[in-house]
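Try each task before you read its solution.

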Amino acid sequence: MRPAFTRLALASLTLLACNNNPEKATKDAPVVAGKTDAPEIKAPPADSKSATPPPSAETKTAGDPATTPPADTKGDAAAATAGETPPPAAATAGETPPPPVADPAAAAEANKKLLDEAKAKKTSDARAKKALEEAEKGGATVRELAEAANARGEALFDDPERAAAFFTWAKDKDTTYPEPVFNLAKQSANAGEVPPTVELLKEVSKRGGKKLLKQVGFDPTFEVVKDDSEVQKLIK
């Protein structure tokens, strides 16, 4: 009974001491095995101003290699070729070189030969028309073509039908050229066709053939129409 009483007395004294001096009681309190409490360590509060944020992927720091921007291929190509003469189109692989530029003098000479061939009486009518077409493709003017056809008609004047074909061709090719119309008027007057002759002479006047109309007054070819009132107005 005594030991129990003694333990109870010690416990009472310890409790009384804890109430009077808690810190000392804590130090003097017996340590229970397995229940040692580690002191709590509190981290100091972080200073938001002095804290250094971790570098992001976009933040560049000293010593980091610089990122090379993508190359401007267009700018490089323009700079590389600046001041250089571009190669001719024929130098490009796979392309057909352009045809050589025709010599204007040579082309004019070729057209002259074709027009002379069309004028010649010995040239067949079919070949003459073909020569006129070739000369037109070669760059001959409508007046040059009409003059050649009219000249051929005059060479064939004794063959009215063949001549009329080339006079008509020349009249239609150049609508400002009066000579072929006047030649058609001659043919019509020779045939005694008064109304057609008068109409053709009017067309000569519209095309500015005043010099040609003066021939009507003294050319016996127009004897059948020279006294016509309308013709008289044209030749004055």
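**Exercise 1: an asparagine in a helix**

Is Asn150 buried or exposed, and what is its relative accessible area?

Solution. Keep in mind that you are looking at a predicted model.
- Step 1: locate the residue. Asn150 belongs to helix H6, which spans residues 142-155.
- Step 2: apply the cut-off. Buried means under 20% relative accessible area. Asn150 has a relative accessible area of 4%, so it is buried.
- Step 3: list the contacts. Leaving out residues up to four places away in sequence, Asn150 touches Phe166, Phe167, Ala170, Tyr177, Glu179, Pro180 and Asn183.

**Exercise 2: the overall make-up**

Find out how many helices and strands the protein chain has, and what share of its residues is buried.

Solution. 
- Step 1: count the elements. The protein chain has 11 helices and 0 strands. Read from the N terminus, the order is α-α-α-α-α-α-α-α-α-α-α.
- Step 2: turn to burial. Of the 236 residues in the protein chain, 22% are buried.
- Step 3: look at the contacts along the sequence. Take those between residues at least 6 apart in sequence: 52% of them join residues at least 24 apart.

**Exercise 3: H6 against H7**

Work out how H6 and H7 are oriented to each other, and which residues meet.

Solution. 
- Step 1: get the geometry. The axes of H6 and helix H7 (residues 160-173) cross at roughly 165 degrees and come within 8 Å.
- Step 2: classify the angle. Angles over 145 degrees count as roughly antiparallel, and H6 and H7 are therefore roughly antiparallel to each other. The crossing of H6 past H7 is left-handed.
- Step 3: name the partners. On the H6 side are Val142, Leu145, Ala146, Ala149, Asn150, Arg152, Gly153 and Glu154; they meet Arg162, Ala163, Phe166, Phe167, Trp169, Ala170 and Lys173 of H7. Asn150 from the opening exercise is one of these residues.
- Step 4: sort by class. The contact of H6 with H7 has 9 nonpolar, 2 polar and 4 charged residues.

**Exercise 4: a loop residue**

Describe where Asp174 sits and what it touches.

Solution. 
- Step 1: Asp174 is found in the loop between H7 and H8.
- Step 2: its relative accessibility is 7%, so Asp174 counts as buried.
- Step 3: not counting residues up to four places away in sequence, Asp174 touches Val142, Arg143, Ala146 and Arg207.
- Step 4: Asp174 and Glu144 are 30 residues apart along the chain, with 9.2 Å between their C-alpha atoms.

**Exercise 5: H4 against H5**

Repeat the helix analysis for H4 and H5, then examine Asn111.

Solution. 
- Step 1: H4 packs against helix H5 (residues 125-137) at an angle of about 155 degrees, and their axes are 8 Å apart. H4 and H5 are therefore roughly antiparallel to each other, and their crossing is left-handed.
- Step 2: Asn111, Leu114, Leu115, Glu117 and Ala118 of H4 meet Arg127, Ala128, Ala131, Leu132, Glu134 and Ala135 of H5. By class, this contact of H4 with H5 has 7 nonpolar, 1 polar and 3 charged residues.
- Step 3: Asn111, a residue of H4, is buried, with a relative accessible area of 9%. Neighbours within four places in sequence aside, Asn111 is in contact with Glu134, Ala135, Gly138, Gly139 and Ala140.
- Step 4: compare another residue. Ala108 is also in helix H4 (residues 104-119), but at 47% relative accessibility it counts as partly exposed.

Note on methods. Residues are numbered from 1 along each chain as its sequence is written. This is a predicted model: local features need pLDDT of at least 70, side-chain atom pairs count only at pLDDT 80 or more; totals for chains, interfaces and linings use all residues. Side-chain values use heavy atoms; hydrogens and water are left out. Helices (H or I, at least four residues) and strands (E, at least two) are DSSP runs, numbered from the N terminus. Buried means under 20% relative accessible area, exposed over 50%, partly exposed in between (1.4 Å probe, protein chains only). Contact means heavy atoms within 4.5 Å. Axes are lines fitted to C-alpha atoms, for helices over the stretch in contact, and angles run from 0 to 180 degrees between N-to-C directions. Angles under 35 degrees count as roughly parallel, over 145 as roughly antiparallel, 65 to 115 as roughly perpendicular and the rest as oblique. A crossing is left-handed if the near helix is turned anticlockwise from the far one by less than a right angle, and right-handed if clockwise. Ala, Val, Leu, Ile, Met, Phe, Trp, Tyr, Cys and Pro count as nonpolar, Asp, Glu, Lys and Arg as charged, and the others, Gly among them, as polar.
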